[in-house]
Amino acid sequence: MPFLPHLFLAFLEGTVAAAVLALTALGLSLTFGVMRVVNVAHGEFYMLGAMLAWYLAKLSPGAPLPGFLLALVGAPLAVGALAFLTERLVLRRINYDPEATIVATIGLLFVIQQLALTVFGAEAKPVAAPFTYRIAFPWFGYSGYKLFVVAASAAILLAAWWVMARTRVGLVMRVTQFDREMAQAFGIRVGHVYAAVFAAGAAIAALAAVLLVPIQQAHYLMGLDPLLMSFIVVIIGGLGSIRGSVIAALVIGMADGIVSVFFRPTLASILATLLVAFVLVLRPQGLFGTAPR
Amino acid sequence: MTSLLETQGLSRRFGGLAAVADVDFTLPAGEIRAIIGPNGAGKTTFVSLIAGRLAPSSGMIRFDGEEITGLPAFRRARRGIAYTFQITSIFANLTVGENVMLAARGGRGGGPPPERCLARVGLEARAEQKAGTLAYGHQRLLEVAMGLALAPRLLILDEPTQGLSDVEIAGFADLVRGLAGETTILLIEHNMQVVMELAQRITVMDRGAILAEGTPAAIRADEAVQRAYLGSV
Amino acid sequence: MSRALGLHLAVAAALFLAQFAVGDYAQLMLTRIMVLAIYATGYNLLFGYTGLLSLGHAMFFATGLYAAALGTTRLGLSAPAAFLFAIFLGVAVSAAIGAVALRAKGVAFMIVTLMFSQAFFLTVLYFGDYTRGDEGIVIADTIRVFQFLGQTVDLTAPAVRYNLALLLLALAIGASYAAVRSHMGHVLVAIRENEDRTAMLGYDVARYKLLALVLSGTLSALSGATYALMFAYAGSTLASIQYSIHPLLWTLLGGAATTLGPLLGTGLMFTLVDVASGLTNAHLLVVGVALILLVLFFPKGILGTLRQRWLGWLP
C-alpha cells in the first residue's frame with residue numbers, strides 16, 4: 001500500500017485508539033481528580049467489563065446485537081457495583097490514605113485478575129461485533145464498527161462533560177474535588193460522592209472495554225496496558241483536569257495508533273513511560289492540572 | 001549596631017495575591033522584636049521566607065552581612081536561624097530527649113547540650129517520655145528546647161503562646177527574657193500582653209506590608225495601628 | 001548482650017541448624033527465601049525507615065541479576081568479579097535514578113519509580129537478543145564453580161548455596177541493624193516522621209534520601225546478583241512489576257521498620273504461595289488478599305504489631 005493511504009489507515013487506527021483510551025482514562029481521571037487516590041486496579045475493572053461482555057454475549061445465542069446491548073448495560077452496572085463495594089469495604093476504612101490506597105488496590109488488582117483467570121480461563125476470548133459493515137475506501141476496507149466505537153466514545157465523553165459542567169451532580173463532584181472540607185461545610189456527603197465517583201469511574205472503564213472487545217479479544221491479562229496508558233494520559237493531561245485528560249488521550253492515542261502501525265510497540269512504550277516519569281518529576285501536577293489544595 | 005537580619009523588597013506572591021509585598025526590614029543583633037498584625041497580614045509567610053521554608057517571588061534577604069536569599073532551609077538552620085513551628089511540629093514517636101538530640105546534631109554545633117536545653121524549658125524530668133504524649137503546653141516548650149539546641153543566632157518563634165494557660169504563658173515570658181542576651185528573637189504573637197511585656201521593638205504588618213515600626217509605647221499610641229488592629233490593649 | 005542482638009543471633013543460629021533438619025525441597029526453598037529476604041531488607045531501608053514507597057525496586061534487583069548473568073555469560077567475568085560488577089552497577093543505577101526520582105514527592109514518587117521500572121523492564125525485552133526475554137539467560141554450571149581466596153566454591157551444591165545465602169543475609173540484616181541504630185538511621189526516621197521539621201533542624205534531607213535509596217538499591221542489586229549466580233537463571237519476569245510489588249508485600253507482612261520483618265514476611269509469603277500453588281494456578285490471589293487484609297487490619301505487619309503491643313524492644 002502506498003504511503004499516504006497507509007498513513008490514513010494509521011490515522012484511523014489512531015483515532016480508534018484515542019477514543020477508547022479517552023474513555024478508559026476518563027474513569028481514572030474522575031477517581032484521581034475527585035478523590036485524589038490512585039486506583040491501581042482500574043485496568044482490572046476494564047478487563048472485567050470485557051470478560052462480562054464475552055460472557056453475556058455467550059448467553060444470548062443467535063445474532064450478536066442483543067448480547068452486545070445486554071453487555072453495554074450489564075457490564076458497567078456489575079463492575080460499578082463491585083467498585084462501590086470496594087470503596088465502602090476497603091477505601092473508606094483506610095480513609096483514602098494515598099499510600100494505603102495504592103497498596104490496597106494493588107491487592108485488588110491481583111484478586112480480580114486471578115479470579116478472572118479461575119472463572120474464565122487463560123485463553124483469549126473473541127467477541128463478535130454487533131454488526132459488520134465494511135466501509136470501502138479506495139485503498140482498503142475498514143470496519144464500520146470501529147468508527148461506531150469512535151462515535152459512541154465521543155458521545156459518552158460529551159455526556160460526561162455535560163454532567164460535570166451543567167448538572168447539580170456534576171457541581172457537587174467539582175466542589176468536592178476542589179476543596180473536600182469546604183464541600184463538607186456545605187453539607188455535601190463527601191463519602192457518598194466518593195462512592196459514586198469510584199463506581200462511575202469503574203463503570204466507564206467497563207463500558208470502554210465492552211466497546212473495544214469486538215475489535216480486540218478479551219483476556220485476563222488485558223488490564224495492564226490500559227492501566228499504564230490511562231496513567232500516562234491522566235498524568236500528562238493533569239490531575240483533576242478532565243479536559244486535559246481528553247486532550248492527552250487524543251494526542252497519545254493517536255501517536256500510539258500511528259506508531260504501532262509503523263514501528264515496534266516496545267520502543268514506543270519505553271519512550272512513553274519515560275515521558276510520564278519526567279513530566280511528573282518536573283511538573284507534579286501534570287501539564288494542565290492544578291495542584292491540590 | 002550592625003543588623004543581624006535585613007530584607008530588601010522582599011515579596012511573595014501566590015497567584016494574584018501578594019502575601020508579602022515589598023518588605024524592607026532590619027533587625028539588629030540582640031533585640032527582641034515582635035511582629036504583630038491581623039490574620040492574613042503575612043506574618044507567617046514573612047518569617048517562612050526568612051527561615052527558608054518558602055522561596056521569595058522577589059527581593060533579597062541578608063543574614064549577618066551575607067545574602068541568603070537562595071539558600072535552602074537546612075543551610076540557614078546551620079547558619080543559626082532556628083524556626084519553631086506555628087503548628088507544633090515535633091517528632092511524636094521519639095522521646096523528648098531524642099527530639100532535642102536530633103536538633104543538637106543538626107544545627108550549627110557548639111550549642112548547649114540537650115540536657116541543658118531541656119532544663120532551660122523545664123522539661124528535663126521528661127527526657128524519656130514519648131514526645132507525642134506530652135501535654136500541648138509542654139510540646140510547645142519542647143519546640144523551644146529544640147530551637148535552643150540549634151545554638152541559634154536568630155530564634156524565630158511563631159505564635160509560641162497559642163493554646164498555653166496563663167501560668168504557662170508567664171513561664172514562657174520568663175524563658176524568653178532569659179534568652180535575650182544570647183540570641184536575637186523574632187516573635188510572632190497575637191497575645192498583646194506578652195508582646196508589650198517582652199518586645200523591645202514591634203513591627204506591625206497589614207496586608208503583606210509593614211504598617212508601622214517602633215517601641216511598644218509608640219505603637220500603642222499609633223492611630224493607624226489602632227485602626228487596623230489593636231483594639232483594646 | 002542486648003535482647004535485640006541476642007534475637008538476631010538466635011535467628012541466625014536457627015537458620016543455620018535448619019538445613020540439617022529439613023529435606024532437599026525445603027532447603028532449596030529456604031535458600032531462595034534467604035536470597036530474596038536480602039532484597040526485602042534493602043527495600044525496607046527505604047520504605048520502612050525512610051518512609052518512601054517505591055513501586056519500582058525490580059529495576060534494582062534486575063540490575064544485579066542481569067549484571068551477574070550478562071557479566072558471566074557475555075563479558076567472561078568470573079562469578080566473584082561479576083558479583084562485584086553487579087554491586088557497582090547497583091550503586092550507579094540507584095544513584096542515577098534517585099537523583100531524578102527523588103525530586104517527585106509522595107504519590108508522584110511512587111508513580112515515577114513505577115514508570116522507570118517499567119521502562120527498564122521494556123528495555124530488557126527490547127534487547128531480547130541479549131537478555132533472551134522471558135526465556136532468560138542460563139548460567140552454565142562451569143561458571144558457578146569457581147576459585148575464591150584459594151578455595152573452590154561450588155554454587156551447584158545445595159549446602160554451599162544455603163550457607164552462602166545465610167552469610168549474605170546475615171551481613172545484610174546486620175548492616176541494616178547498624179544503619180538503623182546510627183545517627184544516619186535516626187535522621188532517616190526523622191525524615192519519615194516529619195520531613196519539613198528535619199530540614200528546619202539543619203539536615204540536608206535530599207542527600208539523606210538519596211543515600212537511603214542508594215543503600216536500598218544496592219542491597220537489592222546484591223540480592224539479584226546472588227539470585228542469578230545461585231539459581232543459574234535470569235529471566236525478564238524478575239524485572240517485571242510483580243517483582244516490585246513482592247518486597248513491598250513481604251515487608252508489609254513481616255513488619256516495616258523492623259530488622260527481621262522482611263525476612264519473616266518473605267518466608268511466610270513464600271510458604272503461603274507455595275501451598276496455594278499446589279491447590280490452584282491462581283496463587284496470586286493469595287498475594288492480593290494478603291495485601292488488602294494487611295492494609296486494612298495490620299498496617300504495621302506481624303513484628304510491627306508485636307512491637308507496638310507487647311515487645312517494645314524489638315529491633
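This note walks through the chain contacts, a sheet, a helix and the core of a predicted model.

1. **Ground rules.** Residues are numbered from 1 along each chain as its sequence is written, and chains are lettered from A in the order in which they are written. Because the model is predicted, local features need pLDDT of at least 70 and side-chain atom pairs count only at pLDDT 80 or more, while totals for chains, interfaces and linings use all residues.

2. **Chain contacts.** Two residues are in contact if their C-beta atoms, placed from the backbone, lie within 7 Å. Two pairs of chains are in contact, and chains A and C share the most contacts. Chains A and B have no contact; their closest C-alpha atoms lie 12 Å apart.

3. **Chain B against chain C.** Here 15 residues of chain B touch 14 residues of chain C. On the chain B side, α2 (73–79) and α3 are the elements that give two or more residues. Helices (H or I, at least four residues) and strands (E, at least two) are DSSP runs, numbered from the N terminus.

4. **The sheet of chain B.** Six strands form an open sheet, in the order β6-β7-β8-β3-β9-β10, with mixed pairing. Two strands pair if DSSP finds at least two bridges between them. β6 (81–84) and β10 (209–214) stand at the edges with a single partner strand each, so one side of each has no neighbour in the sheet. Four bridges join β6(B) to β7 (residues 154–158) of chain B, and the two run parallel. In one of these, B:Ile81 is partnered by B:Leu154.

5. **Helix α4 of chain B.** Which residues of α4 (residues 114–121) are buried? They are B:Pro114, B:Cys117, B:Leu118 and B:Val121. Buried means that 20 or more other C-beta atoms, placed from the backbone, lie within 10 Å of the residue's own. Seen down the axis of α4(B), the buried residues fall within an arc of 95° (taken from the directions from the helix axis to the C-beta atoms), so they line one face of the helix. They pack against α3 (96–106), α5 (136–149) and α6 (166–179) of chain B. B:Gly122 follows α4(B), and its phi is positive, near 85°.

6. **The core.** A nonpolar core is a set of buried Ala, Val, Leu, Ile, Met, Phe, Trp, Tyr and Cys residues joined through C-beta atoms within 7 Å. The largest has 278 residues; A:Ala206, B:Ile156 and C:Leu65 are among those with the most contacts inside it. Helix α8 (residues 190–212) of chain A gives the most to this core, with 18 residues.

Key. A residue is buried if 20 or more other C-beta atoms lie within 10 Å of its own, exposed if 12 or fewer, and partly exposed in between; C-beta atoms are placed from the backbone.
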